[in-house]
Every structure is written in structure tokens, then in C-alpha cells.
Amino acid sequence: MKRIVGILLGVLLLAAAVLLAVRLVPRETKPEQPALLFRYADNQPEGYPTTLAADYFAELVEERTDGKIGIRVFPDSVLGNEISVFRQMQFGGIDFARLSVSTLSEFVPEISILQLPYLFTDAEHMWRVLDGEIGEQLLDTIRPFGLVGMSWFDAGSRNIYTKTPVKCLDDMKRLRIRVQESDFLSRMVSLWGAVPEKISYESVYSALQTGKIDGAENNWPSYEATGHYEVAPYYLLDAHSRLPEVQLISRNALDEISALGDEYVEIVLQCAAESARYERELWKERETRSETVVRESGCIVTELSEEEKTRFQEAVAPIYEEFSGKSAELIRRIQEE
Ligand code: GCU
């Protein structure tokens, strides 16, 4: 009898403990597995402004959806180069990415207008355009291609860098200059008298090192983060273009999120806007830091004289003439902004 009472008591105590444990678990616990788990691609390394902003975006989304949407960021081109990332996004293989407008322009012709050399007078001019109606309009042109542009990221202005000194337009003659995989940028470089080489971002360092190319062009942070400054130490401040970048979501991912509820789409878009603001802040800091690293390493940074700047600019003027009709009107609106 004593044994039975003992067992009953034990069972009761156990049940009480289980009940207590259940009550002690907070009601708002996050689900163990997110309902949706997405992949986000970026070709820049960890710690770069765009990838830090991607991490921030992923954290915000996870937090504000109570863990229902998880986003894993893959930096450093782990998911492929930008051209391949665009294609993978079209069929839903990758859900989010940050891509250069040059890459986008290969698929979305309207975006190409942003590649026009010397289009913006400075960063403020570019942001007036992108943060306004034209920026919205340009993001909308991506949608028919299976991707949706969520926000604009800063990528500063781009300058030419070479293995041998370049001080004026004449020095560019016959130099083999790497460009992104873009006909438009190839044309720009040809108009300077140089020979364009389309090479994907990941392969530029070795192309410079082995002498396959004589130079390339990019912003301060990319020039520094890739180590290109170690093998092409002449940086010419011609600021020929400002190529902003776009944070994107695939249509597939957007549909899946809509199926959870429209409020989730709102959250994701809001987090994209906040992460873009964060990226712009990080960009300014990184630009200064990269410039310091490059200068302190002994690279030769050359300012172009006003006269030479004009020569560089005039050499590429035919590109403007080649943009006709509807684009000519948009160019005018951008210039007047
Ligand atoms: C920048 C940009 C990259 C792009 C690269 C390039 O670094 O951030 O997205 O791929 O330019 O020149 O290819």
C-alpha cells in the first residue's frame, strides 16, 4: 500500500513539475525554424558597408517577424558572380541580393542610364534623383524581369587605376582596362583610347597581377578591400561615374512572403529602407578609411587638372548622343534635378 501511495505521489509531483515548466516557458518564444528561410547574395567581403547592411537587414527582418522569416547572408561571391546571381534570382534560386547597376543594366536596359559617365555632379545630386520620383521609376523598370528593387545603396564615385602612371588622357592609349561585364562600359573605355577587357570582379586581382590587364576602375572601398591597390598603385581621381547599387528581392520570395500576409511584405520593405540608410552612413566612413589605407601604403594618387578633366569628359560625349528619344528626356530631367 505504502508503495502505491509513494508511486502516486511521485506521479503527482512529476505532473506538477511539468505543468510548472510549461507555464514558465514564455508565451512569445520564437519558433525553432523560421517559416521561410531565404538566401541573400553579395559579392563584397564581410565587414564591407554593403554586407554589414545586409546583416543588419537580416537581423531586422528576423526580429520584426518574430523569427518567421530568416535570411542568411552569403558574402564574397559565395553564391556566384553578379551576372549569375541575377539569373539565379530570376528562377528563384537566390532570394535577395545587392547588385551594381552595371550588372542590372545588362538585363534591364532602362537602368543603363545611370551608367552615363559624369551624369551626376556630386553625391547630393545623385541622391536627389534616386530618392525622388526618378529613382522610384527606375526601380520599377526591374520588376518585369522577375526581380523587385527594394532600395538604393551608395557606391561612391569610380576612378581609374593602373599599374603604370596615368596623368592625362593620352596616357590611356592602348592600355587594357578591365570593365564590368558591360558593353556600355566597354564603349566608355574605348572612347578614352584604351582597350576594354570584360572581367568579372572576382578575377580582377589575378588579371592585374599576371599582367593580363594594365588597369581597372572602381571606388575607394573596392580598390582597397580587393587589394587591387597593391598591384595597380596609380589611382587617378577622374570620378567618371557614380554607379549606385540596388538591394533586390526575387519575385518568388516576394510571393512567398505575401502568402504569409501583406503585413510581412511591409515589414521586409521597411527593413530594406532602414538598412539602405545604414549603408549610406557606413559608406561615408569606409570611403575615408579606405582612402587613408591606400594613401598610407604609398600609392600615387593623381588629381586631374580641370583641363584634363574636360578632355576625359569630352571624349565620352558620343555616348550621350547615342541615348536618344525617351532617354534623352530622362537625361535632361536628371541633369536638371
Ligand atoms: C563595385 C560593386 C560591385 C561590382 C564591382 C565591379 O565594387 O560594389 O558590386 O561587382 O564594383 O567593378 O565589378
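Guide: What follows is a short talk about salt bridges in this structure. The model is predicted, so local features need pLDDT of at least 70 and side-chain atom pairs count only at pLDDT 80 or more, while totals for chains, interfaces and linings use all residues. Residues are numbered from 1 along each chain as its sequence is written, and side-chain values use heavy atoms, with hydrogens and water left out.

Visitor: What is a salt bridge, and how many salt bridges does the count come to?

Guide: Side chains of opposite charge can pair when their charged atoms come close. Here a salt bridge is a side-chain nitrogen of Lys or Arg within 4 Å of a carboxyl oxygen of Asp or Glu, and by this rule the count is 19.

Visitor: Which side chain meets Glu82 in a salt bridge?

Guide: Glu82 pairs with Arg98 at 3.5 Å, N to O. Glu82 belongs to helix α3 (residues 82-90) and Arg98 to strand β3 (residues 96-100), so the pair ties together parts that are 16 residues apart in sequence; helices (H or I, at least four residues) and strands (E, at least two) are DSSP runs, numbered from the N terminus.

Visitor: Are Glu82 and Arg98 buried or exposed?

Guide: Both Glu82 and Arg98 are buried, where buried means under 20% relative accessible area, exposed over 50%, and partly exposed in between (1.4 Å probe, protein chains only).

Visitor: Where do Glu322 and Arg187 lie?

Guide: The side chains of Glu322 and Arg187 form a salt bridge of 2.6 Å, N to O. Glu322 lies in helix α14 (residues 317-322) and Arg187 in helix α7 (residues 183-191), so this pair ties together parts 135 residues apart in sequence. Glu322 is partly exposed at 45% relative accessibility, and Arg187 is partly exposed at 33%.
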